[in-house]
Amino acid sequence: IADVCSSKLILIHVGAKTIEKEKVFSDILFRNNIEEKKVKVIWAEGDEVNTMLQLCKQNIVDLLILGALQKENILKFYLGSIARTISRKAKCSVLLLTNPSKETSAAKKVIVNAGVDHPKTIHSINTALYFAKKMGVKEISLVHEVHSPTLSMAMAESSSAPEVTKMKKEFTEEESNKLHSLIAKCDTGDLKINEKVIKGKPGFAIRQYAETKKADLLVINSPDTNLTLLDRIFTHDIEFILADMPCNLLIVHSRI
């Protein structure tokens with residue numbers, strides 16, 4: 001990933017530095033044909049999350065890549081694994097890999113959560129497009145989740161089936177037009193763009209869609225604020241995804 005993006009690779013290990021661990025690092029670099037002089041290795045001790053976040057800030061990291069369990073058990077969900085805790089607090093973009101391998105860069109199915117009403121979304125889309133082009137992806141799906149309790153109430157109060165059908169059609173067309181207008185502002189290049197509007201609870205709907213489509217990578221906005229324990233008990237949209245990741249996940253940080 002660093003190579004195709006013409007970026008500097010930094011390897012961070014939070015924990016004691018030992019001769020054995022240094023040898024492990026050297027072996028990893030050797031097996032992957034990476035020259036040690038081209039890589040910056042940082043050793044640090046302290047709390048894993050706080051130390052990692054501080055090092056990212058000090059080194060002006062653009063993208064932090066972490067391994068992550070695909071599904072957490074209840075205990076880990078509420079306590080928060082290191083990867084997921086960092087993803088909630090990071091001030092840079094985060095790529096969570098559910099099954100890290102050399103083939104990770106060969107993503108074929110990329111889905112972007114394109115919430116048209118959020119100011120961060122256009123930045124996330126452009127980042128996803130850049131990433132997809134660099135990785136040789138030919139096709140990308142931009143998916144807009146819609147959840148409208150007001151519309152549901154209006155349809156429930158309607159006594160006419162044709163009226164309900166008309167309301168659904170008009171609502172879907174309106175949201176589709178919003179998505180299309182947003183995409184028109186982005187540099188899609190030669191990429192094939194699929195546009196899709198799905199209905200459901202934010203976070204939950206996109207997770208199910210990515211799982212159904214067997215996506216390789218799901219791209220979402222970063223959280224608006226640092227989430228608390230209450231956000232995970234009363235599930236927040238990103239928590240639906242972090243609790244049961246359908247695929248690799250790119251969380252695009254935006255300073256908006």
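Let's start with contacts. Take those in the protein chain between residues at least 6 apart in sequence: 78% of them join residues at least 24 apart. Keep that in mind as we walk through the fold.

This is a predicted model. The mean pLDDT of the protein chain is 84, and 82% of its residues reach 70 or more. Strand S5, residues 110–113, has the highest mean pLDDT, at 96. Helix H9, residues 229–233, has the lowest, at 45. Over residues 229–235, pLDDT stays under 50. For that stretch the model has 12 contacts beyond four places in sequence. Where pLDDT is low, the predicted coordinates should not be read in detail.

Now the parts list. The protein chain has 10 helices and 9 strands. There are 256 residues, and buried ones make up 43% of them.

First stop, the sheet. Which order do its strands take? The order is S3-S4-S9-S8-S5-S6-S7. That is an open sheet of 7 strands, with mixed pairing. Strand S3, residues 63–67, and strand S7 are the edges. Each of those pairs on one side only. From one strand to the next, the twist averages 20°.

Zoom in on one pairing there. Strand S4, residues 93–97, pairs with S9 in the antiparallel sense. The two share 3 bridges. Look for leucine 96: it stands opposite leucine 249 in S9.

Next, helix H4, residues 82–89. Helix H4 lies across S3, S4 and S9, and it runs at about 155° to S3. Is H4 enclosed or open? Of its 8 residues, 6 are buried, so H4 is largely enclosed by the rest of the structure. The buried ones are Ala83, Arg84, Thr85, Ile86, Ser87 and Arg88.

Now to strands S1 and S2. Strand S1, residues 9–14, runs parallel to S2. There are 6 bridges joining them. The chain goes from S1 through H1 to S2. This is a β-α-β crossover, and it is right-handed. Within the pair, isoleucine 12 stands opposite isoleucine 42 in S2.

On to the aromatic rings. A pair of aromatic rings is described by the distance of the centres and the angle of the planes. How many aromatic pairs does the count give? It comes to 2.

Here is one. Phenylalanine 25 and tryptophan 43 have ring centres 5.1 Å apart, with their planes at 85°, so they form an edge-to-face pair. Over 60 degrees counts as edge-to-face. Phenylalanine 25 sits in helix H1, residues 19–31, and tryptophan 43 in strand S2, residues 39–44. The pair therefore ties together parts that are 18 residues apart in sequence. Phenylalanine 25 has a relative accessible area of 17%, so it is buried.

Here is the other. The rings of phenylalanine 204 and phenylalanine 240 have centres 5.5 Å apart and planes at 70°, so this pair is edge-to-face too. Phenylalanine 204 belongs to helix H8, residues 204–212, and phenylalanine 240 to helix H10, residues 237–243. So this pair ties together parts that are 36 residues apart in sequence. Now check accessibility. Phenylalanine 204 is partly exposed, at 29%. Phenylalanine 240 counts as buried, at 16%.

Where is threonine 188? Look in the loop between helix H7, residues 161–184, and strand S7, residues 192–199. Is threonine 188 buried or exposed? Its relative accessible area is 19%, so threonine 188 is buried. The cut-off is under 20%. Leaving out residues up to four places away in sequence, threonine 188 touches Leu129, Lys133, Ile183 and Ile193.

Last one: histidine 253. Find it in the segment after strand S9, residues 248–252. Histidine 253 counts as buried, because its relative accessibility is 16%. Which residues does histidine 253 touch, not counting residues up to four places away in sequence? They are Ala90, Lys91, Cys92, Ser93, His123 and Ser222. Now compare histidine 253 with serine 124. In sequence they are 129 residues apart. In space they are 7.9 Å apart, C-alpha to C-alpha.

That brings us back to the opening number. Of the contacts between residues at least 6 apart in sequence, 78% join residues at least 24 apart.

Technical notes:
Residues are numbered from 1 along each chain as its sequence is written. This is a predicted model: local features need pLDDT of at least 70, side-chain atom pairs count only at pLDDT 80 or more; totals for chains, interfaces and linings use all residues. Side-chain values use heavy atoms; hydrogens and water are left out. pLDDT is the predictor's confidence in each residue, from 0 to 100. Helices (H or I, at least four residues) and strands (E, at least two) are DSSP runs, numbered from the N terminus. Contact means heavy atoms within 4.5 Å. Buried means under 20% relative accessible area, exposed over 50%, partly exposed in between (1.4 Å probe, protein chains only). Rings of Phe, Tyr and Trp (its six-membered ring) pair if their centres lie within 6.5 Å; planes under 30 degrees apart count as stacked, over 60 as edge-to-face and the rest as tilted. Two strands pair if DSSP finds at least two bridges between them. A crossover is right-handed if, with the strands pointing away from the viewer, the path from the first strand over the helix to the second runs clockwise. Axes are lines fitted to C-alpha atoms, for helices over the stretch in contact, and angles run from 0 to 180 degrees between N-to-C directions.
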